[in-house]
Every structure is written in structure tokens, then in C-alpha cells.
Amino acid sequence: DREALQKPLGDLVDAFLADLDTKKRSAHYIQIVGNHVRRTIEGCGWKYISDVDAGAFLKFRATLRTRTGEALSARAQNGWLEGLTAFFNWLVRTHKVIKENPLADVGKVSTRGAKKIKRRALSFEEFDKLLQVAGPKRAVYHFAARTGLRRGEMKQVRVYDLHLEVTEPYVAVRGSTTKDGKDARRD
């Protein structure tokens with residue numbers, strides 16, 4: 001599509017994100033991918049498809065930092081590449097603007113031996129401090145701690161899942177909402 005070659009990359013990104021929306025991708029996913037693609041285009045100085053260069057992307061990726069100034073983790077760097085890969089593959093498939101993804105030869109950053117975040121439960125003291133500053137979300141945090149439900153599972157709890165009129169109240173967690181797909185009972 002010769003017309004698409006003349007369009008600024010920003011316009012093509014808008015069309016790509018609109019297509020993701022029609023495919024019912026989550027708003028959060030669309031926001032992240034859009035942010036990564038737009039910031040890369042700006043950071044590399046690309047205006048048109050003909051400007052896209054794998055070397056410029058590699059230099060840009062090496063400059064990415066967290067809010068605290070640390071280098072991005074390998075997983076995060078790979079996330080940026082995945083967003084751009086999705087965009088350029090979309091241009092190849094949907095618009096036939098380019099014959100191949102210009103970043104196809106860019107490899108992922110190795111995650112072998114990468115530092116993993118160690119997760120742990122809050123101590124009673126830490127949890128108490130959280131509740132003291134939680135404001136309107138206090139009940140949500142308390143419910144999560146008492147039931148052990150994940151955020152996505154809590155979002156799907158319905159009134160009929162709550163069994164409060166029994167001797168020992170509980171939440172009936174439907175298998176369709178759990179990570180393992182099994183029904184559960186949380187006291």
C-alpha cells in the first residue's frame with residue numbers, strides 16, 4: 001500500500017491501536033503497547049517506515065530506564081520489542097505496507113540468570129500499616145487478605161457467591177474465575 005508508506009508512523013500506530021481495540025484486547029494492554037511503540041518511534045527519531053532501523057532500536061532500548069533510573073529488566077526490554085514486533089507484523093499482514101518486519105532480526109534479551117522479584121506475604125505489622133493508610137480501599141485489602149483471592153478473582157465475585165447467613169461465613173469461588181479452574185471455598 002503505497003499510500004501507507006507516505007503516512008507518518010504516528011498515524012499508522014493510531015490505526016494499529018484501533019485494530020487492537022476492535023479485537024477486544026484489554027485497555028491496559030493497548031495502553032502499554034501504544035506507549036512503547038510511540039516512545040520508541042520518538043526516541044529513535046523515526047517519522048516514516050523508511051526511517052525504521054534495527055540499530056537505532058538497539059541503541060534506544062539500551063537507554064531505557066525505570067522510574068528510579070535503573071536499567072530495565074530483560075523481561076521489560078523484551079516487552080518493548082514484543083510491542084514493536086506486533087506493530088510491524090500488523091503492517092506486514094494487514095496493510096501489506098512492508099514485506100517484512102524491520103526488527104525481525106533483533107533478538108530478545110536473555111532472561112537466563114536474571115534477577116527475580118522475591119514475593120512474600122506482608123507481616124501483620126505491615127498489613128496493619130497498609131490498612132491505616134488505605135482509605136476507601138481498606139475493605140478491599142481486608143477482603144483479599146482474609147480470602148486469599150487474587151485481584152481478578154475478587155473482581156468476579158458476585159453477591160450470590162457470598163454466604164454470610166451461615167454459622168461460618170464463606171465465599172464460594174467459581175472455577176470459571178480461578179487460575180486453576182477449580183471451584184473453591186474461602187472462609
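In which helix do Lys129 and Glu125 both lie, and how many residues apart are they? In this predicted model, Lys129 and Glu125 belong to helix α6, which covers residues 124-133. The two are 4 residues apart, or about one turn of the helix. Their side chains meet in a salt bridge, with a distance of 3.9 Å from N to O. Glu125 has a relative accessibility of 56% and therefore counts as exposed, since the cut-off for that class is over 50%. This pair is a handy place to begin, and the chain as a whole comes next.

The secondary structure of the chain comes to 8 helices and 3 strands. The chain has a radius of gyration of 23 Å, whereas a compact globule of 187 residues would have one near 16 Å. Along the principal axes, the C-alpha atoms fill a box of roughly 70 × 35 × 30 Å. Of the 187 residues in the chain, 30% are buried. The chain exposes about 13,500 Å², and carbon and sulfur atoms supply 51% of that area. Contacts can also be sorted by how far apart the partners sit in sequence. Among contacts between residues at least 6 apart in sequence, 47% join residues at least 24 apart.

Charge is the next topic. The chain carries 36 positive and 23 negative side chains, and the centres of these two sets lie 3 Å apart. Side chains of opposite charge can pair when their charged atoms come close. In this chain, the count comes to 8 salt bridges. One of them joins Asp14 and Arg38, whose side chains meet at 2.6 Å, N to O. Asp14 lies in helix α2 (residues 9-22) and Arg38 in helix α3, so this pair ties together parts that are 24 residues apart in sequence. Asp14 is partly exposed, at 39% relative accessibility, and Arg38 is also partly exposed, at 37%.

Another salt bridge is formed by Asp187 and Arg185, with 3.2 Å from N to O. Asp187 counts as exposed, because its relative accessibility of 52% is over the 50% cut-off. Arg185, with a relative accessible area of 48%, is partly exposed.

Is Thr40 buried or exposed? Thr40 is buried, because its relative accessible area is 0% and the cut-off is under 20%. Thr40 has its place in helix α3, which spans residues 27-44. Which residues does Thr40 contact, once its neighbours within four places in sequence are left aside? The partners are Trp46, Phe57, Phe60, Trp80 and Leu84. Helix α3 is also the helix of Arg38, the partner of Asp14 described above.

Glu153 is found in helix α8, which runs over residues 151-155. With a relative accessible area of 4%, Glu153 is buried, whereas Glu125 is exposed at 56%. Not counting residues up to four places away in sequence, Glu153 touches Thr177, Thr178 and Lys179.

Note on methods: Residues are numbered from 1 along each chain as its sequence is written. This is a predicted model: local features need pLDDT of at least 70, side-chain atom pairs count only at pLDDT 80 or more; totals for chains, interfaces and linings use all residues. Side-chain values use heavy atoms; hydrogens and water are left out. The radius of gyration is taken over C-alpha atoms; the globule rule is 2.2 Å times the number of residues to the power 0.38. Buried means under 20% relative accessible area, exposed over 50%, partly exposed in between (1.4 Å probe, protein chains only). Contact means heavy atoms within 4.5 Å. Accessible areas come from the Shrake-Rupley method with a 1.4 Å probe; for residues, only the protein chains shown count as cover. Lys and Arg count as positive and Asp and Glu as negative; His and the chain ends are not counted. The place of a charge is taken as NZ of Lys, CZ of Arg, CG of Asp or CD of Glu. A salt bridge is a side-chain nitrogen of Lys or Arg within 4 Å of a carboxyl oxygen of Asp or Glu.
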